[in-house]
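Subject: Structure for you to look at

Hello,

I am passing on the structure we spoke about. Please open it alongside this message.

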Amino acid sequence: MAALNRLQQRIKENFHETTRDLSLLAGGAGASNAAYFDTSDEKIKEISKLLESRQETERLEGMKRIIAGISKGRDMEPFFAQVVKNVVAPSIEIRKLVYIYLLRFASTNSDLLLLSINTFQKDLADPSPLIRSMSLRVLTSIRVPVIQGIVMLGLKRLVTDRNPWVRKTVAGGLPKVFEMDPSSLPQLISLLQTLLASPSPLTLGATLTAFSEMCPDRLDLLHPYYRHICRLLVDADEWGQAVAIGVLSRYARAMLEKPEESPVKPVDGEETEDEFAGIDEDLAMLLHLSKPLFQSRSPAVVLGMAKMYYHLAPPKHQAVGQELLVAPLLRLAGSSGPEMSTLTWEVIVAMAEERPELFVSRFSSFFIHSSDVIAVKTAKLRAMSALVTAESASVAMREFKHYIRFPDDSVSEAAVRAIGHCVRTQPEVASSGLSALMRLLTSKRDVLVAQAVLVLKSVILSQSGPSTGLADPQRLVTRLARGLDGISNPKARASVYWLVGQFATEDGPDKTLGLGWDGIKSWVPDVLRKGIKGFVNESTIAKLQILTLASKLIVLSPATSQLALMSTYLFSLARYDSDYDVRDRARFLHALLRGVRDENKAVTGNENGDTDEKDDDERDMGGVVLRREQVRVVLMGKREAADSDLMPGVGSEYEVGSMSRITHKRLNGYEPLPEWTDDPTDPSLRESEQVEQPRTATPLSHLPPPPTTSSAIPTHISSVASIPRSAVTTANPSPVGSVPVNKGKFQDLDAFLDSESGEEEEDTEDER
């Protein structure tokens, strides 16, 4: 019986071994693959045994477990020495997984990798392009200066590899070598130029990324390849298109002629035949060949295209092709996820604030939907504020009043600011907007009351007569002062105190009401009384404005005994306040008013109980004492309301479409586009059509032509711009044999020898 059990166990083991790859006992391929992700301690211990096995199937299983463990976050670095031994495995599947592992831990185990450096060099000539590519990636990832010469030889060897994926790996390795040895930049630039001439669009993104990381300021290197890059742009991958758009935009601003500024109106929304009239031939080439990218499925490409057209296309071109720029942005904003939608709307808002004429016809597209996230809602409100015109003012005001009732405070506050902007800029709806703002003063939502006060302050400061509908701003200040007890926001209370001081002057001699202070309105002393009574419980910003209000009233109302007593008490409170800003403001204003107090004492004979007699130190100090008129200029100086008071984000120093513009701070890597050059380069520098072909055993004349792009410049451009015929009639790079042989660095050895022998024969004939 025992022998029978042993026989059954042996048969079962053999069956397991022979059917391991078939996954019959594991329930199918999916279950077998799931077993690799079992990262328990027992399974981890089995990995060493599997890697040391002589059977390729077990070593392959060990590598799969290691890669699965890395994806699960387990520390697989202790197996580094055992994995390196398998780099010479005959199985290509094992070597692929080994290279994936080495790429993960190459930077931290460079010493052990040096033991296999000969294997990596040998794999550079492997028949599999994947092995060649991965071996080069591992070599460039070994951060040891000793082998930089070997790495450089590998880059030079594969820079003309027939496979574009290998050349793409070469492009990715150039910045790594430059980081280790910046002195190798001249050699790397030579390799970079070879990659720029590559006919394959697959290498475009990696090559231009290497250019941006190594020598972003050497835009002159792109002269012979500018038109070649423009032709490859449509066929490149999405990541390469996004990178190329940024590089070409910088090149165009720095090297090409600035287009004319004169706007041209479209006819029935269609492009006219003189669309590219007056535009540099190479700029027209870039704008036309990149048009299909507006329909890209990649948000990065669409945003990059919008940014490029916004900064490069002349106003007439943007007016002719409004739908070309606007429609893709609105489509992207409405069809993408919340994160991408928010980013797109921020870009649209930045463009709308600077050039509202592009989006004014799409005003209804900016209406807020209940499904929009909060960031999108606030962005739409900013855009609507920038796009309001006399024709859409009534519709916009109706929408803004509706948005005030939204439960989210940030959206409601943005709607209040938008109403204030309409009041300032659209006289037709000024009265309606003011009524809405005044009604908000009695709202039960403190945030709306505070925002209404701040907006009314900006509206009052920006008033310029009947054109704004504010014939008597003092009445608005009076209503704000009456509602001061219902305002709790510190910034709003401070704004009310500041406005009271600015509009406290009495125009007439009426003294029948209030305390009858000379030159001050009857209701102003009560505002000061409330401020002094609750001074201890006020916020710091409100305390500062109460001190300023008292100082303004002292200047406006000379020789008033009640005011002198109230101000003396106020400055005593501020002198011992816990906040140093309040103490400093009180000390500054007390010294500023020395001349005014001296004038008051000269009139009243010091009957007001002024405490200046105790300030012996102040009397002994020298310095300039300002007169009443001079102090009034200092305290009552005019202040204009800026656009940013009502529309935050207007006039940002960062360029449209950048993340720094969206975050309102300079981020690492931010590089603004250069200004248009005043000295454009000669177009003949970009006439080189020579493209390097992969180095093969096949003669160059028998190589297939490079891939074509999906669009070409229309023939009518040649009548309005001097684009070379080769750049207009075809999008294909010319074969090497169709252009005069250039003695530059892009010739192969056979062509170089043929050209030298031809020149020697010509010289011999000339001598004869």
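Below is what was found in it, from the whole chain down to single residues.

Please bear in mind that this is a predicted model.

The chain as a whole

The chain contains 39 helices and zero strands. Of its 768 residues, 50% are buried. If you take the contacts between residues at least 6 apart in sequence, 69% of them join residues at least 24 apart. The chain exposes about 38,100 Å², and 52% of that comes from carbon and sulfur atoms.

Helix α23 covers residues 409–425, which is 17 residues. From first C-alpha to last, α23 reaches 24 Å, close to the 24 Å expected at 1.5 Å a residue. Most of α23 is covered, with 13 of its 17 residues buried.

Helix α25, residues 446–462, also has 17 residues. The span of α25 between its first and last C-alpha is 25 Å, again close to the expected value, here 24 Å. In α25, 15 of the 17 residues are buried, so this helix too is mostly covered.

A helix pair

Helix α17 (residues 299–312) and helix α20 (residues 338–354) have axes that come within 11 Å of each other and cross at roughly 5 degrees. Angles under 35 degrees count as roughly parallel, and α17 and α20 are therefore roughly parallel to each other. On the α17 side, the residues that meet α20 are Pro299, Leu303, Ala306, Lys307 and Tyr310. On the α20 side they are Met340, Leu343, Thr344, Val347, Met351 and Glu354. Sorted by class, this contact has eight nonpolar residues, one polar residue and two charged residues.

Single residues

Leu155 is located in helix α10, residues 148–158. Is Leu155 buried or exposed? Its relative accessible area is 0%, so Leu155 is buried. Setting aside residues up to four places away in sequence, Leu155 touches Leu136, Thr140, Val170, Leu174, Val177, Leu188 and Leu191. Leu191 is 36 residues from Leu155 in sequence, and the two C-alpha atoms are 8.0 Å apart.

Ile541 is part of helix α29, residues 540–556. With a relative accessibility of 39%, Ile541 counts as partly exposed, because that class lies between 20% and 50%. Which residues does Ile541 touch, not counting those up to four places away in sequence? They are Pro490, Lys491 and Ala494. Between Ile541 and Arg493 there are 8.7 Å from C-alpha to C-alpha, with the two residues 48 apart in sequence.

Glu58 belongs to helix α4, residues 56–71. Apart from neighbours within four places in sequence, Glu58 is in contact with Leu50 and Ser53. Glu58 and Ile47 are eleven residues apart in sequence, and their C-alpha atoms are 9.2 Å apart in space.

His664 sits in the loop between α36 (659–663) and α37 (717–720). The phi angle of His664 is near 60 degrees, a positive value in a residue other than glycine.

Regards

How values were computed. Residues numbered from 1 in each chain as written. Predicted model: local features only at pLDDT ≥ 70, side-chain atom pairs only at ≥ 80, totals over all residues. Heavy atoms only, no water. Helix = DSSP H or I, 4+ residues; strand = E, 2+ residues; numbered from the N terminus. Expected span 1.5 Å × (residues − 1). Buried < 20%, exposed > 50% of the residue type's maximum accessible area, 1.4 Å probe, protein only. Contact = heavy atoms within 4.5 Å. Areas by Shrake-Rupley, 256 points an atom, 1.4 Å probe, with all protein chains shown as cover. Axes fitted to C-alpha atoms, helices over the stretch in contact; angles between N-to-C directions. Parallel < 35°, antiparallel > 145°, perpendicular 65-115°, else oblique. Nonpolar A, V, L, I, M, F, W, Y, C, P; charged D, E, K, R; others polar.
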